[in-house]
Amino acid sequence: MKTVSGAELRHAMRRLASPVTVVTSCSESEIRGITIGSFASTSLEPALVSFNLSRETPMLPLLEKASAFAVHFLRSDQVSLSEAFAVPDRSGDEQFVNVSYHLDQRGLPVLDNVLARLVCTVEALFAAGDHTIVLGRVGEVYEGEPGEPLVYFKRGYHTVGDALSVSTDLPSDGDAADTP
């Protein structure tokens, strides 16, 4: 099998919509956040989530020693919030300027007015090429404000559209017992 370049993979991945989340964490002397487009639910039992970080990001050393991190699901009207945490060379303090947040009982910066928030502990970190996969154990779930989710697709921000009707010959869950 031929080797695919990073540019080829990036081009193909632009055809897949990704959720836009912001991960925040803290150390004794710093708070920091980062916009993540690789967020995924990994396991339900136990409740685990994952995302990828470039090995060059300032967030990685912080997560390596952090006791907790928060994942924030952004609303479609929170593009500016995504952008605030997307610039890697800003200091943690610069990232939070003009951002509505508070520190929880652990000192963890949590963003206000998001769709939902998960508070996690680092379960494991895995080296994967030029990135690190962060596996987090979900300890708290907060349902936030109503709204539509923010997604990233074809190099731009979007939201979800109308629900599509499903037309299939497959039986519905209620009909499953009636099938041979």
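Strand E1 (18–19) and strand E11 (150–153) run antiparallel and are joined by two bridges. Helices (H or I, at least four residues) and strands (E, at least two) are DSSP runs, numbered from the N terminus. Two strands pair if DSSP finds at least two bridges between them. This is a predicted model, in which local features need pLDDT of at least 70, side-chain atom pairs count only at pLDDT 80 or more, and totals for chains, interfaces and linings use all residues. Residues are numbered from 1 along each chain as its sequence is written, and side-chain values use heavy atoms, with hydrogens and water left out.

**The sheet around E1**

- Serine 18 stands opposite tyrosine 152 in E11.
- Three strands make up an open sheet, in the order E1-E11-E12, with antiparallel pairing.
- E1 and strand E12 (156–159) stand at the edges with a single partner strand each, so one side of each has no neighbour in the sheet.
- Lysine 154 lies in the loop between E11 and E12.
- The phi of lysine 154 is near 50°, a positive value in a residue other than glycine.
- Lysine 154 counts as exposed, at 54% relative accessibility. The cut-offs are under 20% relative accessible area for buried, over 50% for exposed, and partly exposed in between (1.4 Å probe, protein chains only).

**Strand E5 and its partners**

- Strand E5 (residues 48–54) is mostly covered, with five of its seven residues buried.
- Strand E4 (residues 40–43) pairs with E5 in the antiparallel sense, over three bridges.
- Serine 41 has valine 49 in E5 as its bridge partner.
- E4 and E5 form a hairpin, with four residues between them.
- Proline 46 is found in the loop between E4 and E5.
- The peptide bond from glutamate 45 to proline 46 is cis, with omega near 0°.
- E5 also runs antiparallel to strand E10 (residues 131–143), joined to it by seven bridges.
- Asparagine 52 stands opposite isoleucine 133 in E10.

**Aromatic rings**

- The whole structure has five aromatic pairs. Rings of Phe, Tyr and Trp (its six-membered ring) pair if their centres lie within 6.5 Å; planes under 30 degrees apart count as stacked, over 60 as edge-to-face and the rest as tilted.
- Phenylalanine 51 and phenylalanine 69 have ring centres 5.6 Å apart and planes at 80°, so the pair is edge-to-face.
- Phenylalanine 51 lies in E5 and phenylalanine 69 in strand E6 (residues 69–73), so this pair ties together parts that are 18 residues apart in sequence.
- Phenylalanine 51 and phenylalanine 69 are both buried.
- The rings of phenylalanine 85 and phenylalanine 96 have centres 5.0 Å apart and planes at 75°, so they too are edge-to-face.
- Phenylalanine 85 sits in the loop between helix H3 (79–84) and helix H4 (92–95), and phenylalanine 96 in the loop between H4 and strand E7 (101–103), eleven residues apart.
- Phenylalanine 85 and phenylalanine 96 are both buried.
- Ring pairs link Phe85, Phe96 and Tyr101 into a cluster.
- Arginine 117 lies over the face of tyrosine 142, at 4.5 Å from the ring centre. A charge sits over a ring if NZ of Lys or CZ of Arg is within 6 Å of the ring centre and within 35 degrees of the ring normal.

**The H4–E7 loop**

- Asparagine 98 lies in the loop between H4 and E7.
- Asparagine 98 has a positive phi of about 65° although it is not a glycine.
- Asparagine 98 is exposed, with a relative accessible area of 81%.

**Cysteines**

- The structure holds zero disulfides (pairs of cysteine sulfur atoms within 2.5 Å).
- The sulfur of cysteine 26 is 13 Å from the closest cysteine sulfur, in cysteine 120, which is too far for a bond.
- Cysteine 26 counts as buried at 16% relative accessibility, and cysteine 120 counts as buried at 1%.

**The largest pocket**

- The largest pocket has a volume of about 1300 Å³. A pocket is an open set of points on a 1 Å grid over the protein atoms alone, where a 1.4 Å probe fits, with protein on both sides within 12 Å along at least five of seven lines.
- The largest pocket is lined by 36 residues (those with an atom within 4 Å of a point), and Arg10, Gly37, Ser38, Asn52 and His131 lie nearest its centre.
- Elements giving two or more residues to this lining include helix H1 (6–13), E1, E5 and E11.
- Strand E3 (31–36) gives the most to the lining, with five residues.

Key: Points joined across faces, edges and corners; volume = space filled by probe spheres on them.
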